[in-house]
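Hi everyone, thanks for coming. Let me put the sequence and the model up on the screen, and then we'll walk through it together.

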Amino acid sequence: MQKVIAVLAALAGVAFGPAAPPWAVSELHEDGTGFVTGNDVRAALGWDDATLRAEAASLEFVAESESVTGISWSCVHAGTAEVLPQRTDLVVTESRAITSRPRTMWWGTVAGFRLQGFDGRGASSAVPEGPAPGSCPAGPWSLVEGSMQTVETTGDPVLMVRHDGAQHPVPVG
């Protein structure tokens, strides 16, 4: 009899407990697949459960990533041999839409969203910050031969949830 009660209590806990199992975490894979818990989406948007239920179908997910290519070189002053270091950064931001499907519990609570991959829509922008690569100030300045160096860094994608044109970062583990 105690086993039956324990099983019924466990089932009731699952039925009336949290929207997602405690082991569930939000994950975004390289191909745009993964899972986002309802709790993480609620926290990102500052919503309660009822608002998430009402708006779940209107939410969009986007993966944003940023890479920076740093280019450095030196210029030398012909009359004084003074060396002037130069640097420019090219910051590239890429945004890719992700197809998703809400997952709900039988009583209506949104457990999370299944990320189904990139949908082909995307945008990117490149913004240079600094002088043109390899350029030196006017006058008796010239490029130091062999001084050009390039370093590229790429950040991890950030998962964003979009609602009414505003994007909010979603924590992924």
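Let's begin with a definition: helices (H or I, at least four residues) and strands (E, at least two) are DSSP runs, and they are numbered from the N terminus. Now two quick notes on where everything comes from. This is a predicted model, in which local features need pLDDT of at least 70 and side-chain atom pairs count only at pLDDT 80 or more, while totals for chains, interfaces and linings use all residues. Residues are numbered from 1 along each chain as its sequence is written, and side-chain values use heavy atoms, with hydrogens and water left out.

So, the overall picture. The protein has 3 helices and 9 strands, and from the N terminus on they follow the order α-β-β-α-α-β-β-β-β-β-β-β. I'll say "buried" for under 20% relative accessible area, "exposed" for over 50%, and "partly exposed" for what lies in between, using a 1.4 Å probe and protein chains only. Of the 173 residues, 30% count as buried. When I say "contact", I mean heavy atoms within 4.5 Å. Among contacts between residues at least 6 apart in sequence, 69% join residues at least 24 apart.

Let's look at a helix. What do they pack against? Just after α2 comes G46, with a positive phi of about 70°.

In soluble globular proteins, nonpolar side chains tend to be buried together. A nonpolar core here is a set of buried Ala, Val, Leu, Ile, Met, Phe, Trp, Tyr and Cys residues joined through side-chain atoms within 4.5 Å. The largest one has 17 residues, and V41, L59, F61, F113 and V161 touch the most other members. At least two residues of this core come from each of α2, β3, β5 and β8. Take V161: leaving aside neighbours within four places in sequence, its contacts include V41, A44, L45, L59 and F61.

Next, aromatic rings. Rings of Phe, Tyr and Trp (its six-membered ring) pair if their centres lie within 6.5 Å; planes under 30 degrees apart count as stacked, over 60 as edge-to-face, and the rest as tilted. By this rule there are 2 aromatic pairs. The rings of F61 and F113 have centres 5.1 Å apart and planes at 55°, so this pair is tilted. It links distant parts of the chain, with F61 in strand β3 and F113 in strand β5, 52 residues apart. F61 is buried at 1% relative accessible area, and F113 is buried at 0%. W106 and W107 form an edge-to-face pair, 5.4 Å centre to centre with 90° between the planes. Are these two buried or exposed? W106 is exposed at 70%, and W107 is partly exposed at 27%.

Now the loops. G79 sits in the loop between β3 and β4, and G79 is exposed because its relative accessible area is 65%. G79 and P140 are 61 residues apart in sequence, yet their C-alpha atoms are 7.2 Å apart in space. A81 is in the loop between β3 and β4 as well. A81 has a positive phi of about 65° although it is not a glycine, and A81 is exposed at 55% relative accessibility. D164, in the loop between β8 and β9, is another residue other than glycine with a positive phi, near 50°. D164 is exposed too, at 74%.

One last stop, in strand β4, where we find Q86. With a relative accessible area of 17%, Q86 is buried. Beyond its neighbours within four places in sequence, Q86 is in contact with I71, S72, W73, C75, P131, S135, C136 and P137.

That's my tour, and I'm happy to take questions.
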